[in-house]
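I opened the model and kept notes as I went. The entries follow the order of my look-ups.

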Amino acid sequence: MDKALHFIFKYGSLIVIGLVILFFSLWDKHFFTYANISDILRSISIVTFVAIGVTFSLTVDGFDLSVGSTVSLTTVLTAAMMVWYQQPVIFVILVALASGAVVGLLNALLIVRVRIPDLLATLAVMYIVAGIHKTYTKGYSIYNNMPMPDGSTAPGTFDPAFLWLGQGKLLGVPVPVILMIVAVAAVHIFFKYTKWGRQMHTTGGNEEAARLSGIRVRRIRTFAYIASGVFAAIGGILYAARVGTGQIDAGAPMMMEAVAAVFVGYSVLGAGKPNVIGTFFGAILIGVLLNGMTMMKVQYYANDIVKGTVLVLALAVTFIHLNRRRNG
Amino acid sequence: MSTKQLQMKGIRKAFSGVPALRGVDFTVQGGEVHALLGANGAGKSTLMKILSGAYTQDEGAIIVDGSQVHIASPGDAKKMGIHCVYQEVDTALVAELSVAENVMLDRISAKGSRLWLNWGKLESEAEATLARLGASIPVRKKAGELSLAEKQLVLIARLLTEQAKYVIFDEPTAPLSLDEAERLFRVIEQLKGEGIGIVFISHRLPEVFRICDQITVMRDGERVFTEPTADTNVDAVVHAMLGRVFEEEYPKSDAPIGGVLLQVNGLARGRSVRNVSFEARSGEIVAIVGLVGAGKTELSRLLFGADRADTGTVKVSGREVRTTDPADAIQGGIVLVPEERRTQGILVGDTVQHNLSLPLLNAFSRFGFMSGKKENNNAHAVIGKLGIKTSSPQQQTAFLSGGNQQKVSIGKWLPTEASVYLFDEPTKGVDIGAKSDIFRIIGQLAEQGKAIVYLTCEFTEAIGIADRILVMCDGALVKQFMRGEATQQQLLLHASGGKGEQA
């Protein structure tokens with residue numbers, strides 16, 4: 001019984017991913033084709049960036065609900081800067097990243113300094129940021145040649161170099177997929193081999209012991225929330241680049257998908273804690289499910305049921321395991 | 001049988017094979033205040049937990065007013081009229097409810113209580129009960145707004161509403177001021193006058209002699225002494241608590257004592273640490289002894305910057321150390337081996353090697369990247385030096401024995417070049433062998449010219465290892481002994497506020 005549970009915890013999520021892929025492949029011969037696989041990877045690339053952010057906050061034993069709003073904010077911000085103000089691409093990207101960092105800093109301030117519980121603080125910030133981005137665009141999405149309030153058309157357009165980030169290909173591989181793989185690898189190295197990654201893991205493992213070992217835990221937690229905001233901002237930039245418009249509320253569904261991906265990742269190979277490789281596999285599972293269900297023509301709104309169910313199952317596996325380990 | 005008395009006969013209790021109580025007899029008469037004394041681990045709290053239903057005895061009988069009873073749960077104990085006032089009053093109170101509701105809580109939540117509560121009656125009954133104790137607490141005030149002493153009174157009033165016949169007070173005066181303690185003594189007198197039998201657990205001998213009729217002393221799970229207070233004295237009680245003084249081997253450190261390294265001036269925080277000043281020299285082992293709750297752990301945390309002091313300064317080698325964060329204290333040359341090893345000293349979920357690297361991540365990394373080789377070399381060096389028994393540096397520390405975990409908690413500081421080492425109860429929960437290893441390590445650190453501050457409630461350890469002993473009582477340092485001057489009796493006397501207490 002124990003052995004079976006252990007096995008399920010260690011390999012369960014990978015087996016589930018395998019089974020889901022097998023099922024859809026048998027259902028529809030178009031599923032397991034290069035075109036569709038690269039489609040799936042491209043569709044998960046944005047969520048993966050957001051999920052990396054969530055991995056940071058969870059690693060320091062925190063939580064960040066505001067990532068979805070940050071995606072929305074940076075999506076319309078990049079669009080507005082190009083379409084309304086004709087700013088150069090580099091500047092646009094830097095401003096978007098900086099705004100993500102500012103949201104992260106605000107979260108950190110509330111959680112680390114004011115000591116509001118993380119869920120509540122980021123819940124409030126989530127609403128504030130969502131409100132800001134909708135107020136800024138007056139509730140309209142931003143697109144090329146859109147009419148301006150004074151009756152003229154918008155002066156700028158999306159820069160092709162910017163759109164390449166979301167739509168281009170390099171050696172037949174979509175650019176966002178390459179960026180995603182580079183980011184996953186880099187963050188994995190960061191957590192495993194750098195002193196900052198070590199400090200984050202230690203802080204999340206036992207904050208008091210970390211502090212009494214000389215780690216400046218408040219600084220470390222602040223960095224984690226800033227990282228969370230910055231990765232969400234990258235998600236927002238890629239979203240704008242992929243669809244070529246500044247959709248309002250673009251990030252709203254991503255928070256759930258990202259959190260589900262991270263918790264699926266908890267159990268990948270029995271890690272039992274947030275880890276970026278697991279997060280990546282979690283994102284794949286969700287991407288495959290959504291893609292397959294679209295193929296099966298399942299109603300769009302049923303997607304939420306599936307995402308929620310995946311999260312519940314991942315949480316169940318994780319917490320059954322953690323509680324057993326704690327009691328055992 | 002109409003005699004009002006609570007008898008425990010031949011009580012035995014073992015925890016996973018280790019006997020905690022070895023056949024204890026203990027009797028409280030109705031209308032009597034009976035002190036239960038003993039050093040830490042003597043078994044007095046185990047005995048009282050059996051009485052209040054938290055534990056069940058392996059052997060022995062409990063007889064209430066002439067009839068034998070079986071107490072399997074706290075609820076059973078309450079039905080027999082046996083109540084306990086624990087030190088942590090906040091866990092028993094509902095902060096958001098009024099005083100009246102808290103006093104009448106058991107009545108309100110009792111089975112068969114009526115659906116509608118008569119608030120007027122409830123409040124007047126609560127008021128009357130509090131008045132019986134001579135307490136005037138506004139019954140509509142929220143319990144959370146009360147002072148600690150008032151909360152205690154609310155709990156006592158509550159057990160009066162439940163027809164308590166026997167009440168156990170577990171160190172009730174420890175958190176109280178002198179005035180508040182005085183008021184509590186009057187309440188206890190009142191309960192006694194109503195025929196309630198009282199068990200009074202305390203470390204403070206003067207108050208025990210003032211208010212108790214009988215004194216029982218426990219040692220090593222046995223009752224060794226019971227006398228009417230009038231027929232005995234402090235010396236006899238202290239002697240009974242300590243028993244024969246068994247000699248332990250302490251490697252005497254012959255380190256030459258040099259210049260002053262640590263200077264503490266007027267350090268204070270709330271009521272737990274009051275105006276503490278002392279110094280420690282290079283090569284010197286200074287023990288700070290005191291009973292549990294005297295403020296030793298709090299003091300060590302202030303010195304290390306784990307908590308913030310209200311006032312006071314800490315200097316190392318004449319330079320003031322910022323004590324707002326442990327990282328600053330470490331930079332200033334102060335390190336702490338905390339009492340709570342598994343939750344504060346080490347990360348049990350991490351490997352030995354990672355634990356040993358923690359304070360020196362900068363030294364073991366290059367451009368931010370950890371050097372596995374440097375880490376591994378350090379881990380091997382420390383493991384070898386301290387004799388840490390582990391299968392490899394990659395072993396998870398959770399699987400090490402208590403003594404070896406403690407060595408990891410000490411070992412992580414060795415490469416830091418700290419000059420002041422604080423040890424808070426470093427031998428707690430470690431076996432004899434590891435204990436002497438720890439003493440040896442401390443001796444070596446002193447030989448290297450470190451200043452050692454050793455905080456402990458084990459008087460024999462302090463006498464064995466220290467060059468100088470400072471006695472702490474109620475947050476203040478009250479007495480100093482040089483090596484060879486102190487006896488256990490004297491330490492216990494001063495630590496329990498017996499003599500020379502600052503009024």
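Contact first: I call two residues in contact if their C-beta atoms, placed from the backbone, lie within 7 Å. On that basis the contact takes 23 residues from chain B and 17 residues from chain A. I then looked up which elements of chain B touch chain A. Helix 11 (326-331), helix 12 (341-345) and strand 18 (369-370) of chain B each supply at least two residues of that side. Helices (H or I, at least four residues) and strands (E, at least two) are DSSP runs, numbered from the N terminus. The residues of the side of chain B that touches chain A divide into 13 nonpolar, 7 polar and 3 charged. Here Ala, Val, Leu, Ile, Met, Phe, Trp, Tyr, Cys and Pro count as nonpolar, Asp, Glu, Lys and Arg as charged, and the others, Gly among them, as polar.

Ground rules. This is a predicted model; local features need pLDDT of at least 70, side-chain atom pairs count only at pLDDT 80 or more, and totals for chains, interfaces and linings use all residues. Residues are numbered from 1 along each chain as its sequence is written, while chains are lettered from A and ligands numbered from 1 in the order in which they are written.

Chain A next. I find 13 helices and 2 strands in chain A. Its radius of gyration (over C-alpha atoms) is 20 Å. The globule rule, 2.2 Å times the number of residues to the power 0.38, gives 20 Å for 328 residues, so chain A is as compact as a globular protein of that length. I count 48% of the 328 residues of chain A as buried; that takes 20 or more other C-beta atoms within 10 Å of a residue's own, whereas exposed means 12 or fewer.

Then helix 7 (residues 178-193) of chain B. Which of its residues are buried? They are Leu184(B), Ile188(B) and Leu191(B). They cover an arc of only 55° around the axis, which puts them on the same side of helix 7 of chain B. The arc is that of the directions from the helix axis to the C-beta atoms. On the other side, Leu178(B), Asp179(B) and Gly193(B) are exposed. Just after helix 7 of chain B, Gly195(B) takes a positive phi of about 90°.

Strand 11 (residues 260-269) and strand 12 (residues 273-281) of chain B pair in the antiparallel sense over 6 bridges; pairing needs at least two bridges found by DSSP. Val264(B) has Phe278(B) as its bridge partner.
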